[in-house]
Amino acid sequence: MTVPPRVTGAEREALRRAQELALRGTGEVEPNPTVGAVVLRGGEVVGEGWHARYGGPHAEVAALADAGDRARGATVCVTLEPCCTTGKTGPCTEALLAAGVTRVVVGCVDPAPGHAGRGLADLRAAGVDVEVVGSPTCEAVLRRFTDALARRRPHVFAKWAMSADGAIAPADRTRTVLSGPEAHALVHRWRGAVDAVLVGVGTVVADDPRLTARGDEAPTRPLRRVVLDPRLRTPPGSVLATTTDKAPTWIVADEEADPRAADALEEHGARVLRVPEGPEWTADALEVLGLEGVRRLLVEGGSDTLGRLVAADLVDQVACFLTPARLGDDALPAVAGLELGGLDAQAIAQILRLQGVRVEPVGPDVLVRGFRPVREDVARDG
Ligand code: AOF
Ligand code: ZN
């Protein structure tokens, strides 16, 4: 790494540590970048922080909180240019100024259009000494983020629980709880850290789910619940359609779907989004969600929806809970079109083409997670 002479050895070391901290957010913050920050005072580390969950505090804010009063007159080394706009949280540039930081060492510039050097300019204008290292390691960490900036659809995080024989429901399709309470707690936390949760209409008809976030950490904004429902089969009396006072429900339908069905759902307060018929309907539906401001989307099934998204290479991130249950012959496969029964975590990860795989016990279940290389289509016009 070529480091400009204006960066001290302690700062270089702090930036390396900040990169390490940044990686702790992997799997929790995408499509946003993983970011780490270290507060230095007189060459000593007095605070550390990272961006830990989507929608949560940014790395600088976490590191400043860790440093407390010692941040006054200190240097902050951060892997990414501090943001200067209010997104889900306030601008980091203002947090740095309010804390009395006098020098900021930045790993690389934020490629996001609204940032891209403006944060650096704001800090300099306020009299802060700013140094950009241009670190290739920091840039490498941003790859997933830069790719996501180029497309309009959300980052798709698909989650499911499946039996040891690779199914999500028994032959008679009755609702079956497969994973343990620890897995449920994790799912509720994830629901609190996405912009929307999506299921296919088959799941609404079979399970009539609530899809609310009941985690310990209060969601930063009302969770949008989305049903992929081309022909508008969502029952107007379903929980999702009748609880829109608690959380918004969006039904994504084909443009040709029955207008009377749409009226019935809208009467209850659900919103029907129309997507023109076409060979890439699912991709188009995701794009509509992206344009509506959904950047991180949790997909919770069912079998057909997961199968369609995987087949179209529209899944970016996977979390699969392997549970000890067995559902027997003719059970519904967890992901339509994929045979995942009787396999261990490594084999499942291989079939799903996961990268950066992590396998860990969660109560009685085993959680397999990773990222999928996604298709290049991303900057589609039209
Ligand atoms: C920072 N520090 O730790 C991160 C930054 O979705 P939001 O509101 O959290 O905003 C995310 C945007 O802020 C993201 O698109 C990227 O440009 C920047 N990320 N910036 O100063 C951080 N994660
Ligand atoms: Zn920020």
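1. An open sheet of five strands, with mixed pairing, is ordered E2-E1-E3-E4-E5. Here strands are DSSP runs (E, at least two residues), as are helices (H or I, at least four residues), numbered from the N terminus, and two strands pair if DSSP finds at least two bridges between them. At the edges stand E2 and strand E5 (129–132), each of which pairs on one side only. Neighbouring strands of this sheet are turned by 15° against each other on average, direction ignored; axes are lines fitted to C-alpha atoms, for helices over the stretch in contact, and angles run from 0 to 180 degrees between N-to-C directions.

2. The model is predicted: local features need pLDDT of at least 70, side-chain atom pairs count only at pLDDT 80 or more, and totals for chains, interfaces and linings use all residues. Residues are numbered from 1 along each chain as its sequence is written, chains are lettered from A and ligands numbered from 1 in the order in which they are written, and side-chain values use heavy atoms, with hydrogens and water left out.

3. Alanine 37 is placed opposite glycine 49 of E2. The two strands form a hairpin with two residues between them, and glycine 42 in the turn has a positive phi of about 55°.

4. H2 lies across E1, E2 and strand E3 (75–80), at about 135° to E2. Helix H4 (residues 118–125) touches strand E4 (103–108) and E5, and its direction makes about 150° with that of E5. Contact means heavy atoms within 4.5 Å.

5. Histidine 58, in the loop between strand E2 (44–50) and helix H2 (59–67), and cysteine 92, in helix H3 (residues 92–98), are 34 residues apart.

6. Buried means under 20% relative accessible area, exposed over 50%, and partly exposed in between (1.4 Å probe, protein chains only).

7. An open sheet of nine strands, also with mixed pairing, has the order E11-E10-E9-E8-E12-E6-E13-E16-E15. Strand E11 (271–275) and strand E15 (355–362) each have a single partner strand, so one side of each is left without a neighbour in the sheet. Strand E6 (residues 155–162) runs parallel to strand E12 (residues 296–299), joined by four bridges, and alanine 158 stands opposite valine 299 in E12.

8. Serine 163 lies in the loop between E6 and strand E7 (167–169) and is buried at 2% relative accessibility. Its side chain makes a polar contact with the side chain of aspartate 165 (2.5 Å); such a contact is a pair of N or O atoms within 3.5 Å, and within protein one must be able to donate a hydrogen and the other to accept it, residues adjacent in sequence counting only if both atoms are side-chain atoms. Beyond its neighbours within four places in sequence, serine 163 is in contact with Leu178, Thr323, Ala325, Arg326 and Leu327.
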